[in-house]
Amino acid sequence: MKYKVAVVGGAGHIGLPLSCYIQNAGIDTSIIDTNEENIDKINSFTPPFLEHDLDNQLKKALSSGLKAFTQIEEIKNCEIVIVTLGTSSNQQITDKFHQLIETVILNMKEGSTLILRSTVTIETINSVIEGVNFSSKKIDLFYCPERIAEGKAFLELDKIPQIIGSKDSKSVEIIDDFFEKLKFRTIFVNYEEAVFIKLFLNTYRYAQFSTINYFDNIASNNSLDFKKLLTIASDTYPRLENVPDSGLVGGPCLIKDSQTFLNSYGDPRDLITNYFNINDDYIKNTIDKCNSYFQDKKIVQLGLTFKPDSDDLRDSQAIVLNNYLIKEGFEVKTFDPYINDEEELESVLDFSDNILIATHHKIFDSYDLESKKVVVVGDK
Ligand SMILES: NC(=O)c1ccc[n+]([C@@H]2O[C@H](COP(=O)([O-])OP(=O)(O)OC[C@H]3O[C@@H](n4cnc5c(N)ncnc54)[C@H](O)[C@@H]3O)[C@@H](O)[C@H]2O)c1
């Protein structure tokens, strides 16, 4: 069967790799996005952000027909519309997201299929179904949350099975062929199960990172070096094989989705709320370390992005840490190789011998910091 696909929000971190992947699987794909700057970049073969192999995949996709537009009307001829717009735990932003979906449905052709790829709640799915045009246009709705880690889209897209929430088991035939063409393994569940699985996954990851920070906080309060102790404890010890390093926990998904999980399902034991507090304490402990280890209040902070080897600043806790340091009276100069020009590095390093590695980009290991006093915060 031949069909056309549109990806709304397709210039974003999830939408762009997915659009390239679909086009490169031989399906006619259009990107729709209001970010004109990124649309221009995409149409001129320039990836708007860092993503492993995006350069190649975008080139291939554009050469075989991928197109990017700013006008929503472009979805009118598409049989499948995929939404990868940003979502939030904030009600006002969620209401805006619901309005955007209404506009999307208004522009979809009758009898077409809508796939929500953004992370949403069951309230959002119900609001889509109850929308004014949904039934009259006979739209089929699937919730297929994205589960890749940012930066690893092309390594993970065809490896991770697709969890697909649908109305009933009969309706799955509608998109079976589409997912087969993409060589995706599929697992069909109902809407509520798909919502829970996605939110649980990210909340669980947030919990894992926060738990290790909890132990780091306790070690710090007892003047112990947790990173050293964890290295020793996990040396050739199978039961600690997958324990993450302590470090800042931020980014566009984990905090937001843990908050959304909390809003959706509650938390009788206040565990999730405590994770937020643990990570605040982790930042405060880092500032205590700076106060005790550095001899003056001048610091060079290396790394600003939310995780290593990424250029994404969204919800970066390295920025939160930076703001706290300034409030505490530190004078801080920052440098991030994914944000700043390389020429700035020398003058930033001249500012102070006190180095705080907030986001541990690999390239920092090649910097000559031997004569400096170095505190490493984030190892993940
Ligand atoms: N970033 C990740 O690693 C990741 C992983 C899994 C799931 N998710 C989820 O995927 C969704 C998208 O996240 P993202 O990181 O790609 O966000 P993003 O901000 O990178 O992408 C969203 C895109 O939507 C566009 N947009 C905004 N308003 C629009 C409109 N009215 N019409 C068309 N386009 C519009 C933006 O310009 C942007 O390009 C979120 O729900 C997120 O939670 C993200």
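Predicted model: local features only at pLDDT ≥ 70, side-chain atom pairs only at ≥ 80, totals over all residues.
Residues are numbered from 1 along each chain as its sequence is written.

Now zoom out. The chain is assigned domain 1 (4–184) and domain 2 (197–376), with bounds from an automatic or database domain assignment. Taken over C-alpha atoms, their centres are 32 Å apart. Where they touch, eleven residues of domain 1 meet 13 residues of domain 2; contact means C-beta atoms, placed from the backbone, within 7 Å. On the domain 1 side, that's four nonpolar, five polar and two charged residues.

Next, have a look at a sheet. Four strands line up as β10-β9-β11-β12 in an open, parallel arrangement. (Strands are DSSP runs of E with at least two residues, helices are runs of H or I with at least four, and both are numbered from the N terminus; two strands pair if DSSP finds at least two bridges between them.) β10 (331–335) and β12 (373–376) sit at the edges with a single partner strand each, so one side of each has no neighbour in the sheet. From one strand to the next, the twist averages 25°. Angles run from 0 to 180 degrees between N-to-C directions, and axes are lines fitted to C-alpha atoms, for helices over the stretch in contact.

Inside the sheet, β9 (residues 298–302) and β11 (residues 354–357) pair in parallel over three bridges, and Q301 stands opposite L356 in β11. Helix α11 (residues 271–293) packs on the sheet against β9, β11 and β12, its direction making about 170° with that of β12. Helix α12 (residues 317–327) packs on the sheet too, touching β9 and β10, at about 155° to the direction of β10.

Finally, a helix pair: α8 (residues 191–221) and α10 (residues 254–265) pack at about 120°, axes 8 Å apart. Among the residues making this contact are F200 and Y206 of α8 and I255 and F261 of α10.

Technical notes
Contact = placed C-beta atoms within 7 Å. Nonpolar A, V, L, I, M, F, W, Y, C, P; charged D, E, K, R; others polar.
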